[in-house]
Amino acid sequence: MGAGKRGVLTAAVTVVCAVTVLAVPGTAFAAPTPPPGPGTTASVTVVTSDVELEAVRKKLDTLYRAAAKATDEYNAAEEKARQQTAQVVRLAKKIVEGREKLDDLKDRAGAAAAAQYRGGGLPPEARLVLSDDPQEFLDGAGRVRQEQHATKGLLGEMTRTQRDLEKYAEDAREQMRELEAGRKVKAAAQKRIERQIEAAEKLEAELEQEEKERLARLERQAAARAQATWLSSGVLDELTSKATAQGRKAVAYATAQIGKPYQWGAEGPNTFDCSGLTSQAWLAAGKTIPRTSQMQWQHLKRVDVKDMRPGDLIIYWADASHVGMYVGDGVMVHAPRPGRTVTLAGAGSMPILGVVRPDPAAG
């Protein structure tokens with residue numbers, strides 16, 4: 001590793017260790033190798049210790065988890081924006097229809113008022129005196145009263161339609177205000193995502209290829225330890241539930257995406273983020289579920305881990321920032337993080353918050 005890279009990596013690791021207190025008693029980082037003296041020609045190879053790489057691994061994990069949480073915020077804002085845009089369109093349609101109705105009512109009311117004026121200019125007593133046929137007068141007076149009632153009804157309907165138009169307009173303005181606020185939330189979340197991913201990629205870029213391979217090995221070992229601990233609880237012995245027809249379809253969709261890249265905010269068909277994969281898998285199975293892992297945790301039926309069946313969603317971390325789909329035999333499928341692809345992993349390879357079931361009515 002070059003001196004420039006060594007300095008950057010050492011500084012990064014020092015910060016990580018100072019913040020996360022990862023140093024183990026009795027274990028120290030390798031002391032910086034002094035530069036060769038004048039006339040020295042032998043090269044010096046500086047090896048990054050596994051302790052240092054473990055610190056980098058945990059730092060990367062922290063950065064990518066922060067990006068995942070911001071991605072959930074971005075996705076939630078995006079979903080809300082879609083709903084609000086659809087609502088604005090519906091309200092705009094109601095406003096157009098209401099204006100057309102109001103114009104028609106005004107025309108009808110104007111025609112009725114003109115007819116009433118033409119036929120009702122004289123008071124009833126005078127028309128009775130002037131009429132040759134009292135019965136004809138009485139019939140005419142009855143029609144006038146009907147016209148007056150009809151005109152009054154038209155005016156009442158016009159008033160109600162006007163009130164409806166005002167309400168639709170105010171609702172549309174409120175939806176637009178919320179839509180604008182949502183855009184700001186989404187933009188802020190996007191900046192946080194990009195900042196966290198950029199920091200992680202920069203940290204990884206300082207590693208040599210051999211160190212990247214060792215880092216990947218450390219990641220696999222950490223996941224394997226977590227999975228082994230989870231399995232040692234005996235939970236797999238209790239998992240006997242069979243997948244439902246919808247669950248099988250969801251699993252088939254999710255596993256068919258294995259190998260496709262992770263991309264934050266993506267719902268397929270070529271790239272996915274974690275909740276984009278699970279929501280699209282269940283949509284393919286005929287069930288619409290919330291878009292984000294946090295909303296999936298909040299709104300879907302929760303089940304005990306020991307009752308988990310294929311197709312159920314496993315929510316990870318205390319902030320519900322990651323989700324995978326259980327496929328059976330202690331394995332789940334998920335879209336891990338930027339730089340990774342959709343893959344199978346141990347269901348217990350990360351801290352499980354809980355399990356939710358998209359199709360509880362299926363038994």
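Reader: Where is the place of Arg357?

Author: A quick note on conventions: this is a predicted model, where local features need pLDDT of at least 70, side-chain atom pairs count only at pLDDT 80 or more, and totals for chains, interfaces and linings use all residues. Residues are numbered from 1 along each chain as its sequence is written, and side-chain values use heavy atoms, leaving out hydrogens and water. Helices (H or I, at least four residues) and strands (E, at least two) are DSSP runs, numbered from the N terminus. On that scheme, Arg357 sits in strand E6 (residues 352-357).

Reader: Is Arg357 buried or exposed?

Author: The cut-offs are these: buried is under 20% relative accessible area, exposed is over 50%, and partly exposed is in between (1.4 Å probe, protein chains only). Arg357 has a relative accessible area of 9%, so Arg357 is buried.

Reader: Which side chain makes a polar contact with the side chain of Arg357?

Author: A polar contact is a pair of N or O atoms within 3.5 Å; within protein, one must be able to donate a hydrogen and the other to accept it, and residues adjacent in sequence count only if both atoms are side-chain atoms. The side-chain partner, at 2.8 Å, is Asp312.

Reader: How many bridges join strand E2 to E3?

Author: Two strands pair if DSSP finds at least two bridges between them. E2 (residues 313-316) and E3 run antiparallel, with Ile315 opposite Val323 in E3. They form a hairpin with 5 residues between them, and Trp317 in the turn has a positive phi of about 70 degrees. The count of bridges from E2 to E3 is 4.

Reader: In the hairpin of E3 and E4, which residue takes a positive phi?

Author: E3 and strand E4 (residues 331-334) pair in the antiparallel sense over 3 bridges, and Gly328 stands opposite Val331 in E4. This hairpin has 2 residues between the strands. With a phi near 55 degrees, the residue is Asp329.

Reader: How many residues of strand E3 are buried?

Author: Strand E3 covers residues 322-328 and is mostly covered. Of its 7 residues, the buried ones number 6.

Reader: How much space lies in the largest pocket?

Author: On a 1 Å grid over the protein atoms alone, a pocket is an open set of points with protein on both sides within 12 Å along at least five of seven lines, and lining residues have an atom within 4 Å of a point. Grid points are joined across faces, edges and corners, and a volume is the space filled by probe spheres set on the points. The lining has 34 residues, with Asp61, Glu219, Ala223, Ser349 and Met350 nearest the centre. The space comes to about 940 Å³.

Reader: Which residues does Pro269 touch, not counting those up to four places away in sequence?

Author: Pro269 is found in the loop between helix H7 (245-256) and helix H8 (274-284), and Pro269 is exposed because its relative accessible area is 56%. Contact means heavy atoms within 4.5 Å. With that cut-off, the residues touched are Gln257 and Lys260.

Reader: What separates the C-alpha atoms of Gly265 and Tyr74?

Author: Gly265 lies in the loop between H7 and H8 and touches residues including Thr71, Tyr74 and Arg291. Gly265 and Tyr74 are 191 residues apart along the chain, and their C-alpha separation is 7.2 Å.

Note on methods: On a 1 Å grid over the protein atoms alone, a cavity is a set of points where a 1.4 Å probe fits but cannot get out, and a pocket is an open set with protein on both sides within 12 Å along at least five of seven lines; lining residues have an atom within 4 Å of a point.
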